[in-house]
Amino acid sequence: MEKIADISKTTAVKAKTTTSKGDRIFDIVNITLLSIVVLVCLIPFIHILAISLSSARPIMSGEVSLFPVEWTTEAYIKVFSDMSMIRSLGFTVMLTVIFTILCMAMTIAAGYPLSKSNLKGRGFFMVLIIITMFFSGGIIPEYILVRNLHLLDTMWALILPGLISPFYLIIMISFFRNIPESLEEAAEMDGSSHFYTLWRIILPLSLPVIATLSLFYAVGRWNGFMDTLMYINSPDLYPLQLKLYQLIQNNMASELMRNEVVGSAQMMPESLKAASVIFATIPILIVYPWLQRYFVSGVMLGAVKG
């Protein structure tokens, strides 16, 4: 019996050792893959940052890779001294905030009733929502609609057409369905209305998915470009992405440098482009850490069917 017990202990130790080795190998593989993904995402950003902080000569000769060569902040001085860029930044921030608030209000208002299985016509509405995920009228009908609604060259042309996302709505519906119905039943027994229950009970429990979807909506609007290119003509309504488009076309570079004499115009347009890209990217990167703790839990909880 003692020999059998010793053999069992030895087998258990070997199994634990094998399991621990397998876990270590799995962790190493995960860390390696994560490091590769991080590097793939960071290297282009670091390269752009290095170009924005380099002088003209190394940029022309192709010496700049991941570190600035002949360090200079002249490009950022040019960008920050251009009032059109500052105006575009302010307008983009305002546009993103308004867009995100309205989108979340619409998503919550649609997602809460559609999460109820006893809602009449729920299946019909869900089919309509899912259809819009795969089929759309196209760019030309959308443009004609915006024009007929007299929204061209207004801020609302950048807000109303994308006010709600079917995919994000489905995530919100899934999250609401995972909240225990007993909480709502207890609130109803206390005489709470549907609006009061949503405001005081459901929404406080939904902060993870609200923060996650708000980030998705905000990033989508911040990076939006095609709709601004089609609908906006007034320079006062140019978001940052449209200003970057002008810069790539060398329009903004010539505007920033038109008062410079030839002898002192040592700034390469590429450094101005890079500085403008960093200028447009930093604000959304600053916001992300504040919402990061809700990010993973919001996506996972909204994706699990209750």
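How many Å should the 16 residues of α10 span at 1.5 Å a residue, and how far apart are its end C-alpha atoms? The 16 residues should span 22 Å, and the end C-alpha atoms are 22 Å apart, which agrees. The expected span of a helix is 1.5 Å times one less than its number of residues.

This is a predicted model, in which local features need pLDDT of at least 70, side-chain atom pairs count only at pLDDT 80 or more, and totals for chains, interfaces and linings use all residues. Residues are numbered from 1 along each chain as its sequence is written, and side-chain values use heavy atoms, with hydrogens and water left out.

**Figure 1. The protein chain has 14 helices and zero strands.** Helices (H or I, at least four residues) and strands (E, at least two) are DSSP runs, numbered from the N terminus. Read along the sequence, the pattern is α-α-α-α-α-α-α-α-α-α-α-α-α-α. The chain has 306 residues, and buried residues make up 35% of them. Buried means under 20% relative accessible area, exposed means over 50%, and partly exposed lies in between (1.4 Å probe, protein chains only). Among contacts with a separation of 6 or more, 71% come from residues 24 or more positions apart. Contact means heavy atoms within 4.5 Å.

**Figure 2. Helix α10 (residues 207-222) is largely enclosed by the rest of the structure,.** Twelve of its 16 residues are buried. Among them are Pro 208, Val 209, Ile 210, Ala 211, Thr 212 and Leu 213. Arg 221 and Trp 222 of α10 are buried as well.

**Figure 3. Helix α7 (residues 166-178) packs with helix α10 at an angle of about 175 degrees.** The two axes are 11 Å apart. That makes α7 roughly antiparallel to α10. Axes are lines fitted to C-alpha atoms, for helices over the stretch in contact, and angles run from 0 to 180 degrees between N-to-C directions. Angles under 35 degrees count as roughly parallel, over 145 as roughly antiparallel, 65 to 115 as roughly perpendicular and the rest as oblique. From α7, the contact uses Tyr 168, Ile 171, Met 172 and Phe 175. From α10 come Val 209, Ile 210, Leu 213, Phe 216 and Tyr 217. These contact residues divide into nine nonpolar, no polar and no charged. Ala, Val, Leu, Ile, Met, Phe, Trp, Tyr, Cys and Pro count as nonpolar, Asp, Glu, Lys and Arg as charged, and the others, Gly among them, as polar.

**Figure 4. The largest nonpolar core has 28 residues.** A nonpolar core is a set of buried Ala, Val, Leu, Ile, Met, Phe, Trp, Tyr and Cys residues joined through side-chain atoms within 4.5 Å. The residues with the most contacts inside this core are Met 104, Ile 108, Met 172, Phe 176, Val 209, Ile 210 and Leu 213. Elements α4 (83-114), α7, α9 (194-205) and α10 each give two or more residues to the core. Helix α4 gives the most, with seven residues. Leaving aside neighbours within four places in sequence, Leu 213 is in contact with Met 104, Thr 107, Tyr 168, Ile 171 and Met 172. A second, separate core has 15 residues, including Leu 53, Trp 222, Leu 244 and Ile 278.

**Figure 5. Helices α5 and α7 pack at an angle of about 140 degrees, with their axes 9 Å apart.** The two helices are therefore oblique to each other. Arg 122, Met 126, Ile 129, Ile 130, Thr 132 and Met 133 of α5 make the contact. Their counterparts on α7 are Pro 166, Phe 167, Leu 169, Ile 170, Ile 173 and Arg 177. The contact residues divide into nine nonpolar, one polar and two charged.

**Figure 6. Met 133 sits in helix α5 (residues 122-134).** Met 133 is partly exposed, with a relative accessible area of 34%. Leaving aside neighbours within four places in sequence, Met 133 is in contact with Pro 166, Phe 167 and Ile 170. Met 133 and Phe 167 are 34 residues apart in sequence and 7.1 Å apart in space, C-alpha to C-alpha.

**Figure 7. Ser 115 lies in the loop between α4 and α5.** Ser 115 counts as buried, at 9% relative accessibility. Leaving aside neighbours within four places in sequence, Ser 115 is in contact with Arg 122, Ile 173, Phe 176 and Arg 177.
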